[in-house]
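Work through the exercises below with the sequence and the model side by side. Each task is followed by a solution in steps.

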Amino acid sequence: MSMTEPIEGMAEPWDDLEAAAPPADALPAVAAIVPRNSLAGRSLGAVVAIMTFLASLTTGAAMVVVSAAGDWESEVGREVTIQVRPAPGHDIEGDLRKATEIVRGAPGIADVQPYTKEESARLVEPWLGSGLALDDLPMPRLIVVKLLPGARPNFAALRQMLATQVSTASLDDHRRWIESMRTMAETAVGVCIAIFALVLVVTVLSVTFATRGAMATNRPIIEVLHYVGATDNFIAGQFQRHFLVLGFKGGAIGGGAAILLFGLVEATNAWLWGTPEGDQVAALFGNLTIGVTGYLAIVLQIVFIALVTAFASRRTVRRTLQTID
Amino acid sequence: MIQFENVGLRYGFGREVLCDLNFGIQNHSFQFLTGPSGAGKTSLLRLMLMSLRPTRGLISMFKHDTATLSKEDRAHLRRRIGIVFQDFRLLDHMTTYENIALPLRVLGKDEANYRAEVIELLQWVGLGERMAALPAVLSGGEKQRAAIARAVIARPQLLLADEPTGNVDPNLGQRLLRLFIELNKSGTAVVIATHDIALMDEYDARRLVLHDGRLHVYD
């Protein structure tokens with residue numbers, strides 16, 4: 001039986017008020033069950049965007065430091081130095097040539113660069129000033145030896161050969177520096193990972209609480225849906241979908257801004273390439289790029305934060321329904 | 001339809017607000033639920049809506065023991081009940097049309113299939129030209145009619161109304177009562193919780209009177 005069939009003997013209660021309804025197609029599109037543009041929703045979007053931006057910056061910065069630390073270590077590890085000391089009765093130039101030849105003949109060597117007198121003078125110029133007469137000073141001479149990538153020359157044998165053939169030469173494989181560099185790099189990486197983990201925890205917490213705050217304004221909707229017979233899954237699904245989209249939009253704005261920023265830094269770095277400023281930056285931070293892995297990490301972060309938002313809303317709905325039921 | 005047997009309800013560790021309730025609601029019946037403020041009318045309606053669990057006793061709804069029902073089952077049974085709140089509880093971001101159609105959306109019906117039905121009901125309750133209006137611009141009477149329309153759009157077997165005339169003037173109260181009577185005559189069992197004696201005197205119906213947590217039935 002239709003609800004609106006006329007009832008015998010009774011007038012319709014609003015027959016005097018009844019007016020022609022507007023045509024059905026004049027109705028606007030049906031609104032979403034969860035309001036799309038609430039103030040709380042916009043605030044949550046802003047929180048998600050800001051936290052994703054900060055988390056993405058931390059991710060990128062951590063990746064740059066980790067990559068730079070690796071570069072420092074491998075850069076120092078790919079080089080050894082031979083020092084030829086002046087000694088009475090020895091021709092330092094002859095010792096330098098001899099040591100150079102010995103090293104050139106060793107396996108795993110990419111390049112051998114003996115420093116000339118002028119180059120040696122330039123090395124000590126910051127401390128001793130220019131116009132130095134090097135012959136008057138017992139200045140050792142250096143040979144910089146570059147190793148082939150991945151090569152592990154037998155330094156003990158090389159050291160032995162130098163000791164027997166050029167007694168004034170000694171080989172420094174930078175082991176002490178490498179150890180220090182490794183410790184420093186590991187510390188830098190550890191600090192970066194700790195900061196990243198903290199930022200991630202703060203992001204998850206702030207997004208969770210902001211979601212709960214936004215959900216608090218939706219309690220009347222949850223109650224009405226519950227009373228009109230919606231199942232818990234239906235209600236949770238409605239909110240989860242809405243907050244997933246909200247979190248994804250906020251995350252895309254924050255993460256997108258971070259991606260743009262890193263792209264800009266990379267472009268500036270490329271533009272400065274070869275200039276003294278560019279060289280300084282490159283010496284400190286490597287090539288200042290987070291690479292495909294970095295960009296992928298930021299995209300994953302956006303998805304992760306959107307999922308956190310959706311999950312927090314689902315949990316809040318469940319909790320609200322428990323208090324109603 | 002509904003059967004209460006030795007039902008008691010207390011909140012927390014307080015005293016029983018409802019005790020030893022034994023009564024039934026029959027199909028197509030009409031009754032007023034009355035009693036002084038704070039007598040437990042809303043609590044009793046919430047028990048009938050399965051939104052509260054009794055502390056003791058047995059409640060049978062549509063031949064199901066509510067104590068043994070899952071949350072999912074309770075939600076499905078709730079679809080056979082319409083509820084009208086004293087404070088309307090219309091969703092502010094939805095138009096009158098959308099508010100009324102909400103139970104049908106919850107049932108998963110397609111808008112194209114229910115549009116004509118919702119418009120027809122809107123016209124029946126005199127809100128034909130207010131269907132695109134948001135609750136914020138509706139009068140108290142219009143909101144109450146919209147709330148009633150939402151409660152009956154899915155053709156429930158039982159309609160529960162909590163102080164439906166509490167916020168309207170006597171004339172509008174009478175009109176609303178007429179609406180409930182018509183709905184009852186179309187086959188819906190109706191329970192109206194009210195403490196408005198004048199309203200109850202308008203229509204000769206069964207009275208369930210709550211006093212000191214106990215229910216007295218006057219057929």
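**Exercise 1. Overall form of chain B**

Which radius of gyration would a compact globule of 219 residues have, and what does chain B have?

Solution. The structure is a predicted model, in which local features need pLDDT of at least 70 and side-chain atom pairs count only at pLDDT 80 or more, while totals for chains, interfaces and linings use all residues. Residues are numbered from 1 along each chain as its sequence is written, and chains are lettered from A and ligands numbered from 1 in the order in which they are written.

Step 1: take the rule, 2.2 Å times the number of residues to the power 0.38, with the radius of gyration computed over C-alpha atoms. Step 2: for 219 residues this gives a value near 17 Å, and chain B agrees because its radius is 17 Å. Step 3: look at the box around the C-alpha atoms of chain B, roughly 45 × 40 × 30 Å along the principal axes.

**Exercise 2. Contents and burial of chain B**

State how many helices and strands chain B has, and what share of its residues is buried.

Solution. Step 1: chain B holds seven helices and ten strands; helices (H or I, at least four residues) and strands (E, at least two) are DSSP runs, numbered from the N terminus. Step 2: a residue is buried if 20 or more other C-beta atoms, placed from the backbone, lie within 10 Å of its own, exposed if 12 or fewer, and partly exposed in between. By this count 47% of the 219 residues of chain B are buried. Step 3: residues are in contact if their C-beta atoms, placed from the backbone, lie within 7 Å. Of the contacts in chain B between residues at least 6 apart in sequence, 71% join residues at least 24 apart.

**Exercise 3. The nonpolar cores**

Find the residues that touch the most other members of the largest nonpolar core.

Solution. Step 1: a nonpolar core is a set of buried Ala, Val, Leu, Ile, Met, Phe, Trp, Tyr and Cys residues joined through C-beta atoms within 7 Å. Step 2: the largest core has 111 residues, and those touching the most other members are Ile100(B), Leu122(B), Ala149(B), Ile153(B) and Leu160(B). Step 3: a second, separate core has 13 residues, among them Val80(A), Ile82(A), Leu158(A) and Leu162(A).

**Exercise 4. A covered helix**

What covers the buried residues of H3(B)?

Solution. Step 1: helix H3 of chain B spans residues 96-106, and ten of its eleven residues are buried. The buried ones include Tyr97(B), Glu98(B), Ile100(B) and Val106(B). Step 2: the cover includes helices from chain A, H6 (219-227) and H7 (232-271), and helices from chain B, H4 (111-124) and H5 (140-152). Step 3: just after H3(B) comes Gly108(B), with a positive phi of about 85 degrees.

**Exercise 5. An open sheet in chain B**

Give the strand order of the open sheet that contains S5 of chain B, and say which strands stand at its edges.

Solution. Step 1: four strands pair antiparallel in the order S2-S1-S4-S5; two strands pair if DSSP finds at least two bridges between them. Step 2: S2 and S5 (64-65) of chain B are at the edges, each with a single partner strand, so one side of each has no neighbour in the sheet. Step 3: helix H1 (residues 41-48) of chain B packs on this sheet and touches S1, S2 and S4 of chain B, with its direction at about 125 degrees to that of S1(B); axes are lines fitted to C-alpha atoms, for helices over the stretch in contact, and angles run from 0 to 180 degrees between N-to-C directions.

Step 4: go through the pairs. Six bridges join S1 (residues 2-10) to S2 (residues 16-25) of chain B, and Leu9(B) stands opposite Leu18(B). These two strands form a hairpin with five residues between them, and Gly12(B) in the turn has a positive phi of about 60 degrees. S4 (residues 56-61) of chain B is joined to S5(B) by two bridges, with Ser60(B) opposite Asp65(B).

**Exercise 6. A strand covered on both faces**

Which residues of S6(B) are buried on each side?

Solution. Step 1: in strand S6 (residues 81-84) of chain B, Ile81(B) and Ile83(B) are buried on one side, Gly82(B) and Val84(B) on the other. Step 2: four bridges join S6(B) to S7 (residues 158-162) of chain B, and the two run parallel. Step 3: Ile83(B) stands opposite Leu160(B) in S7(B).

Notes. Two residues are in contact if their C-beta atoms, placed from the backbone, lie within 7 Å.
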